[in-house]
Amino acid sequence: MPDLLDPLFNLTTFLASAGLGRHLVRLTPKQVFFAQGTEADCVFFLQTGRAKLTVVSERGKEATITMLGPGDFVGEESVATIPGLRLTTATAVSVCTALKVERKEMIRVMHEQRGFSDFFLSFLLQRGMRTQADLVDQLFNSEKRLARILLLMAEFGQPGEIESLIPPVTQETLAEMIGTTRSRVSFFMNRFRQHGFIEYNGRIRVHKSLLNVILFDQPPGGRTAIAAVLETPKEKKKLAARRARTVQN
């Protein structure tokens with residue numbers, strides 16, 4: 001993919017190999033790319049593996065913000081006009097290989113290579129859209145947010161298998177990511193499994209059918225599940241009482 005301004009520049013080669021101001025790194029599970037509060041002086045391009053972004057509050061409570069996979073930039077805030085300190089910690093979840101690009105080299109190639117700057121801008125826009133969607137789901141729909149996170153971890157929409165095993169992750173971590181309790185995550189996971197959206201026995205396997213939870217704004221089972229709830233004796237009694245009050249008014 002040569003750059004329009006520089007035919008010798010190749011985006012794929014740049015992101016896959018070491019060079020001036022950039023080198024390849026390999027991280028093992030639980031090893032950090034960078035820590036919260038340290039200087040934001042470089043950007044990582046994740047080639048293989050999985051990582052997570054976490055933040056720790058002043059009271060010491062840790063929360064997982066998002067999961068990262070191949071093709072994601074990590075620590076992109078370092079290209080800000082006025083560099084500051086890291087707001088998050090990036091940690092490898094599995095064995096990772098990444099290209100570490102120094103801040104000066106990152107800024108140089110963004111200014112000089114339009115192909116790279118277009119690629120980086122596209123990533124930032126997609127990250128912003130994903131963050132916005134996550135915020136909406138966190139405010140209104142924890143179940144849909146959990147489904148989206150599982151699909152992202154399984155890399156749906158990327159070339160590969162239709163059904164994928166996701167990296168090991170605890171229900172506590174998933175609860176932190178969607179802003180709810182572990183018991184609610186357990187409840188949603190059981191519902192997903194009952195409807196054949198996922199399988200888990202130590203490792204979680206995500207099926208493409210989980211997309212239904214996101215594409216259709218309804219719980220697993222659709223109208224059938226809603227009808228089943230409304231037809232319970234308790235709900236029938238509530239509905240009858242509501243209708244009686246309406247007639248009286």
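## Confidence in the model

The mean pLDDT of the protein is 80, and 78% of its residues reach 70 or more. Residues 218-232 are a stretch with pLDDT below 50. Beyond near neighbours in sequence, residues 218-232 have 17 contacts in the model. Where pLDDT is low, the predicted coordinates should not be read in detail.

Two packed helices are described by the angle between their axes and the distance between the axes.

| Helix pair | Angle between axes | Distance between axes |
|---|---|---|
| Helix 4 and helix 5 | about 115° | 10 Å |
| Helix 5 and helix 6 | roughly 100° | within 8 Å |

Helix 4 covers residues 142-153, while helix 5 covers residues 171-178 and helix 6 covers residues 182-194.

The crossing of helix 4 and helix 6 is right-handed. On the side of helix 4, Ser 142, Glu 143, Leu 146, Ala 147 and Leu 150 take part in the contact; their counterparts in helix 6 are Val 185, Phe 188, Met 189, Arg 191 and Phe 192. By class, this contact of helix 4 with helix 6 has 7 nonpolar, 1 polar and 2 charged residues.

Helix 4 also passes helix 5 in a right-handed crossing. Here Ser 142, Arg 145, Leu 146, Ile 149 and Leu 150 of helix 4 meet Leu 174, Met 177 and Ile 178 of helix 5. The contact of helix 4 with helix 5 comprises 6 nonpolar residues, 1 polar and 1 charged.

The residues of the contact of helix 5 with helix 6 divide into 5 nonpolar, 2 polar and 2 charged.

An open sheet of 3 strands has the order 9-11-10, with antiparallel pairing. Its edge strands are strand 9 (164-165) and strand 10 (198-200), each of which pairs on one side only. Strand 9 is joined to strand 11 (residues 204-206) over 2 bridges in the antiparallel sense, and Leu 165 stands opposite Arg 205 in strand 11. Helix 6 lies across strand 10 and strand 11, running at about 110° to strand 10.

Strands of a sheet pair through backbone hydrogen bonds, either parallel or antiparallel. A further open sheet has 4 strands in the order 1-8-3-6, and the pairing is antiparallel. Strand 1 (22-27) and strand 6 (73-74) stand at the edges, each with a single partner strand, so one side of each is left without a neighbour in the sheet.

Strand 1 pairs with strand 8 (residues 96-102) over 6 bridges. Within this pairing, Arg 22 has Val 101 of strand 8 as its bridge partner, and Val 25 stands opposite Ala 98 in strand 8. Strand 8 is likewise joined to strand 3 by 6 bridges, the two strands running antiparallel; there Phe 45 stands opposite Leu 99 of strand 8.

Helix 2 (residues 103-112) lies across strand 1, strand 3 (42-48), strand 6 and strand 8. The angle between helix 2 and strand 8 is about 80°.

## The hairpin of strands 4 and 5

Strand 4 (residues 51-56) and strand 5 (residues 62-68) pair in the antiparallel sense over 6 bridges. In this pairing Leu 53 stands opposite Thr 66 of strand 5. The hairpin of strand 4 and strand 5 has 5 residues between the strands, and Gly 60 in this hairpin takes a positive phi near 90°.

Conventions:
Residues are numbered from 1 along each chain as its sequence is written. This is a predicted model: local features need pLDDT of at least 70, side-chain atom pairs count only at pLDDT 80 or more; totals for chains, interfaces and linings use all residues. Side-chain values use heavy atoms; hydrogens and water are left out. Axes are lines fitted to C-alpha atoms, for helices over the stretch in contact, and angles run from 0 to 180 degrees between N-to-C directions. Ala, Val, Leu, Ile, Met, Phe, Trp, Tyr, Cys and Pro count as nonpolar, Asp, Glu, Lys and Arg as charged, and the others, Gly among them, as polar. A crossing is left-handed if the near helix is turned anticlockwise from the far one by less than a right angle, and right-handed if clockwise. Contact means heavy atoms within 4.5 Å. Two strands pair if DSSP finds at least two bridges between them. pLDDT is the predictor's confidence in each residue, from 0 to 100.
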